[in-house]
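My notes follow in the order I looked things up.

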Amino acid sequence: VPVEQTDMYGMRQYEENARLLTHVDRTPTHAVSLIVNIAQGNLTQPWPVEVHDHADRLHEVVMAPGDIVYYESAKCLHGRNRPLTGPGAFYVNLFT
């Protein structure tokens, strides 16, 4: 099945104490998604993206700047339930 890029949401910056509750994305625009980590800093611990696969197994993916995570975002539960920690912590991702 051909995949067509339908949306790019640009960069989002998350700051200290940010969380992303577990969710799935909209099927018409998010059959698959990419997260590109652009920058991060002042973290006191990693801020993994949590993805549940089709067998409901949890995968915690720790990203570094330049890393890309590709996943079925309309079918697989995903989020970042732990707060982003560190004084002045920030995390910048590009979503498409």
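Predicted model: local features only at pLDDT ≥ 70, side-chain atom pairs only at ≥ 80, totals over all residues.

**Ground rules.** Residues are numbered from 1 along each chain as its sequence is written, and side-chain values use heavy atoms, with hydrogens and water left out.

**Entry 1: positive phi.** I looked for non-glycine residues with a positive phi. Asn 42 has one, at about 60°, and sits in the loop between S3 and S4. I also noted its exposure, for which buried means under 20% relative accessible area, exposed over 50% and partly exposed in between (1.4 Å probe, protein chains only). Asn 42 counts as partly exposed because its relative accessibility is 46%. Asp 56 is not a glycine either, and its phi is positive at about 65°. I found Asp 56 in the loop between S4 and strand S5 (58–61), and its 55% relative accessibility makes it exposed.

**Entry 2: the largest pocket.** What volume does the largest pocket have? I got about 280 Å³. For the record, on a 1 Å grid over the protein atoms alone, a pocket is an open set of points where a 1.4 Å probe fits, with protein on both sides within 12 Å along at least five of seven lines; lining residues have an atom within 4 Å of a point. Grid points are joined across faces, edges and corners, and the volume is the space filled by probe spheres set on them. I counted 18 lining residues for the largest pocket, and Arg 12, His 23, Asp 25, His 78 and Phe 95 are the closest to its centre. Strands S1 (10–15), S2 (20–23), S3 (33–41) and S7 (78–80) each give two or more residues to that lining. By type, I have eight nonpolar, six polar and four charged residues in the lining of the largest pocket. Here Ala, Val, Leu, Ile, Met, Phe, Trp, Tyr, Cys and Pro count as nonpolar, Asp, Glu, Lys and Arg as charged, and the others, Gly among them, as polar.

**Entry 3: the second largest pocket.** The second largest pocket holds about 240 Å³. I listed 15 residues in its lining, with Val 3, Glu 4, Gln 5, Thr 6 and Val 32 nearest the centre. That lining splits into seven nonpolar, six polar and two charged residues.

**Entry 4: rings.** How many aromatic pairs are there in the whole structure? My search gave two. Rings of Phe, Tyr and Trp (its six-membered ring) pair if their centres lie within 6.5 Å; planes under 30 degrees apart count as stacked, over 60 as edge-to-face and the rest as tilted. Trp 47 and Tyr 91 are edge-to-face, 5.1 Å centre to centre with 75° between the planes. Trp 47 is in the loop between S3 and S4 and Tyr 91 in strand S8, so this pair ties together parts that are 44 residues apart in sequence. Both Trp 47 and Tyr 91 are buried. Ring pairs join Tyr 14 to these two, giving a cluster of Tyr 14, Trp 47 and Tyr 91. Leaving out residues up to four places away in sequence, I listed what Tyr 91 touches (heavy atoms within 4.5 Å); among them are Arg 12, Asn 37, Met 63, Arg 80 and Leu 84.

**Entry 5: strand S5.** Val 61 lies in strand S5 and is partly exposed, at 29% relative accessible area. Val 61 and Val 49 are 12 residues apart in sequence and 5.2 Å apart in space, C-alpha to C-alpha. Leu 58 is also found in strand S5, and its 42% relative accessible area makes it partly exposed. Beyond four places in sequence, Leu 58 touches Glu 50, Val 51 and His 52.

Technical notes: Helix = DSSP H or I, 4+ residues; strand = E, 2+ residues; numbered from the N terminus.
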